[in-house]
Amino acid sequence: MNAVVVTGLGVVAPNGLSTEEYWNATLAARSGIGRITRFEPERYPATLAGEIRGFEPAAHLPGRLVPQTDHSTRLSLVAADEAVRDAGLDTGQLPEYGVGVVTANSAGGFEFGHQELDNLWRKGPEYVSAYQSFAWFYAVNTGQISIRHGLRGSSGVLVADEAGGLDALAQARRLLRRDLDAVLTGAVDGSLCPWGWIAQTSTGQLSTAEDPALAYRPFDERAAGFVPGEGGAILVVEDEAKARARHAPRIHGRILGHAATFDPRPGTVPADDASALTRAVELALADAGAVPDDIDAVFADAAGVPHLDRAEAAALGAVFGARELPVAVPKTLTGRLCAGAGPLDVATALLALRDGVLPPAAHTQPSPRYGLRVVVGRPLELRLRAVLVVARGLGGFNSAMVVGASH
Amino acid sequence: MPELTMGELTRILRECAGEGEGVAHDGEFADTLFTDLGYDSLAVLETASRLKRDYGVELTDDEVVDVGTPARLLELARRQIAARS
Amino acid sequence: MARDVVITGVGVVAPGGIGSKPFWDLLVSGRTATRTITHFDASPFRSTVAAECDFDAQAEGLTAEEADRLDRATQFALVAAREALEDSGLAGDGPDPCRTGVTLGSAVGCTTSLEREYVVTSHGGRDWLVDPDLAVPHLYDYFVPSSMAAEVAWAAGAQGPCSVVSTGCTSGLDAVGHAVRLIEEGSADVMVAGGTDAPISPITVACFDAIRATTPRNDEPATASRPFDRTRNGFVLGEGCAVFVLEERERARARGAHVYAGVGGFASRCNAFHMTGLRPDGKEMAAAIETALDEARVRPDEVSYVNAHGSGTKQNDRHETAAFKKALGDHARRTPVSSIKSMIGHSLGAIGSVELAACALAIENGAVPPTANLYEPDPECDLDYVPLTAREARLDVVLSVGSGFGGFQSAMVLTRPGRAEQ
């Protein structure tokens, strides 16, 4: 079977509005987490988020697109633009239906939807925008990216909470193996409006800390929830032979394997049950034709919620045994980006493979009880050939992906 | 409500549907097709909905589809406003 | 060795009937289930008609707690999934959980519950800074619609791949297509797949009003949905759900399962044209149809019935007619084409699955459902749309298509059981 390679990266993150800006900030452990500025968070149980600040849509997008798009859609269009540029992809040169778009989403253009609910219920039906018919819904980013770049191949949208982003990349790989030449894929997500915020705080899993340095500390004795954020990554993935045939400027790496599983019903197993997650990791390795020793590092889901951290550590322990496998948690610098988290971790893993360095996690002091070698303090230089990325979604969604170096 | 002029209509259009993309100069704007100005059917619908709220102007489905240019939209709207007063 | 996929269970919640039997009875009767909206007072809205389900969650076997907590669309999905699993013979003594997955299509997720809770937490719409103390503990389940697939997975005992597919109004077809691929590639042996939506709420009605996509024919609710008719002026919003049990064919054969149909082919394309608009020539839908037929290894002239998207908007029905002509050539004029949206409205992300259920039942029962309310054919829509009355017919190859906001165009081919081996 032909290899699937990543030829373009586009990143929008709280600590960097382009791939290189983000990567530099991440290696320097520069955090994008702070007190919410988009609305007054005083009355809410959690007040910290990874916001993308200083983003001026008009500087990046045509004026026509601005009134009809949610903030998260604008960001996804910017990420897609960067990915296409990075890949040197001239979509006009590819077969008519040769390029598709597959994105994941968690809650759609939620802030746009909040605005229109406000219009409807405060003012009346005639105040609801015509753009509400699509600007809030889950398919919007795929649709807008496809229109902007004229991509007419098989496309899709997946929702599996925070696990969905990796599922989208896997679906892109599936489509490449059938008939597509290239796919724009990934997720840019985020719902940082009051209405989205109370939906997220209702889970009780958000950190209530007010100091960004104390808020999101996965695998730490003091872990007490996570900080949500906005952003993510869009990737250009291609069939390797076709990418080489068109002389793609660079190959960032390969998508080697993937699997998705679903947890047993809550209450039928302990809350830190790791059976389905373990199976996802094992199946992803098998799909990659890899054995545990082939994996050089893990980008963890790192929920920052003790029972979820225990489950993840147990799954990694079950697969990798007593190996001191380095674990990277760059999302401690951005917060958890919903569907955007998995693709951003994959982008980060590819940059790590390229530069032979793992970024440090911020603020966390790893507890020995988890038995994980979490990279903290400063970047860890090492030779990397293949990396495992884990993403889990609320409700029991598990997704695992193996990515490898370009050579 | 301010009197509905081309300037006012242009302002509403931009507010509803963003800056156009066309190359029309000020003088040509009014008679340039919406599609050539970069405004699609939803942009016209959104503008029509604002005209209804602010000026009580009601455009039929066919009028919205066929209106074509800002000048024609202004004419349709003004005719209704005049008929009422 | 290629793994083929067959449908071994069907479950339906639709306007006019809960369960696949009442659903099929309605379709062949040609009766319509569209009416003036009763879910809320729709009088301030432009379009006040819809196709609503008469659905009592507890009468359908859900607990009081589920009836209270779960969004209506999730309730539909649980009821339809249960019917499909029982129908397939896999309920109770289920398949290996690790080899069973779920894909559920939904365009708008739990939008009705979200709106209800918004009104509460914003104090009737007054406060932008919504009140966290009024938020229900399960608000997040409404916020991210993957909760719907999770509920179905728990009910089905599935621990394989699980997700929601949300491609606007092609979600229901695309979710089944996605499940088919997962079985073909070996990621699962059994998939519980379908689509559900319950969007009849003020915000959804208002947004379709704003783009004038729904019909304002409020004084004739029973005949408001008029696909392919000269007098059509918009779609009628609906709600509903269909869920299938899909299985790898040899597995189904080995256990002696009843097979409704095989899934011969599936394809989707994007128009990259407009979020709501369609290119008049139907090019991308035609391309999806051609690819799906190729995969099913059937010629265009072997198609015995086309279940159209047929939403009843001016642009859709022309677009689609053009697509059928382009993809099927002369045969487009000879094969029956119908839109069941004339009877059960347009349930957004559910409808692709509901229409696919109609196709499976059409093969099973040897009949083509009609297009209701088609009295004055549009001269630009000049195919055989099976007006008013169902027709008996042996159906070997059935094509179902969908078209969605975002530019999605999808096509699926079902084949009569046993046909592939002949």
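I number residues from 1 along each chain as its sequence is written, letter chains from A and number ligands from 1 in the order in which they are written. Because the model is predicted, local features need a pLDDT of at least 70 and side-chain atom pairs count only at pLDDT 80 or more, while totals for chains, interfaces and linings use all residues.

I looked up the confidence values. The predictor gives the complex an ipTM of 0.97 and a pTM of 0.98. Chain C has an average pLDDT of 97, with 99% of its residues at 70 or above; pLDDT is the predictor's confidence in each residue, from 0 to 100.

**Domains of chain A**

I took domain bounds from the assignment, which is automatic or comes from a database. Chain A is assigned domain 1 (4-253) and domain 2 (257-404). I find their C-alpha centres 21 Å apart. In the contact between them, domain 1 of chain A puts in 60 residues and domain 2 of chain A puts in 56; a contact means that the C-beta atoms of two residues, placed from the backbone, lie within 7 Å.

Elements are DSSP runs numbered from the N terminus: helices are H or I with at least four residues, strands are E with at least two. On the domain 1 side of chain A, the elements supplying at least two residues include β1 (4-12), α1 (19-27), β6 (182-189) and β7 (231-239) of chain A.

**Domains of chain C**

The assignment for chain C gives domain 1 (5-254) and domain 2 (264-415). Here too I read 21 Å between the C-alpha centres of domain 1 of chain C and domain 2 of chain C. The contact takes 61 residues from domain 1 of chain C and 56 from domain 2 of chain C. α7(C) gives the most to the domain 1 side, with 8 residues. By class, I find 29 nonpolar, 24 polar and 8 charged residues on that side.

**Chain A against chain C**

I find 67 residues of chain A in contact with 67 residues of chain C. Elements that give two or more residues to the chain A side include α4 (110-123), α6 (140-149), β8 (253-262) and α11 (275-287) of chain A. The chain A side divides into 33 nonpolar, 23 polar and 11 charged residues.

I also checked strand pairing between these chains; two strands pair if DSSP finds at least two bridges between them. β5(A) runs antiparallel to β6 (residues 162-165) of chain C, with 2 bridges. V159(A) has V164(C) in β6(C) as its bridge partner.

**Chain B against chain A**

In this contact I find 12 residues from chain B and 11 from chain A. On the chain B side, α1 (6-17) and α3 (41-55) of chain B give two or more residues. α3(B) gives the most, with 6 residues. The chain B side has 4 nonpolar, 3 polar and 5 charged residues.

**Strand β9 of chain C**

I looked up burial along β9 (residues 240-248) of chain C, where 9 of 9 residues are buried. Buried means 20 or more other C-beta atoms within 10 Å of the residue's own, with C-beta atoms placed from the backbone. G240(C), A242(C), F244(C), L246(C) and E248(C) point one way, and C241(C), V243(C), V245(C) and E247(C) the other. In a regular strand the side chains alternate between the two faces of the sheet.

β9(C) pairs antiparallel with β1 (residues 5-14) of chain C over 8 bridges, and G11(C) has V243(C) as bridge partner. β9(C) also pairs antiparallel with β7 (residues 190-197) of chain C over 8 bridges; there G195(C) stands opposite A242(C).

**Helix α1 of chain C**

In α1 (residues 20-29) of chain C I list S20(C), F23(C), W24(C), L26(C) and L27(C) as buried. They lie on the same side of α1(C) because they cover an arc of only 160° around the axis, taken from the directions from the helix axis to the C-beta atoms. Their cover includes α3 (72-88) and α14 (351-365) of chain C. After α1(C) comes G30(C), with a positive phi near 75°.

Terms used. Ala, Val, Leu, Ile, Met, Phe, Trp, Tyr, Cys and Pro count as nonpolar, Asp, Glu, Lys and Arg as charged, and the others, Gly among them, as polar. A residue is buried if 20 or more other C-beta atoms lie within 10 Å of its own, exposed if 12 or fewer, and partly exposed in between; C-beta atoms are placed from the backbone.
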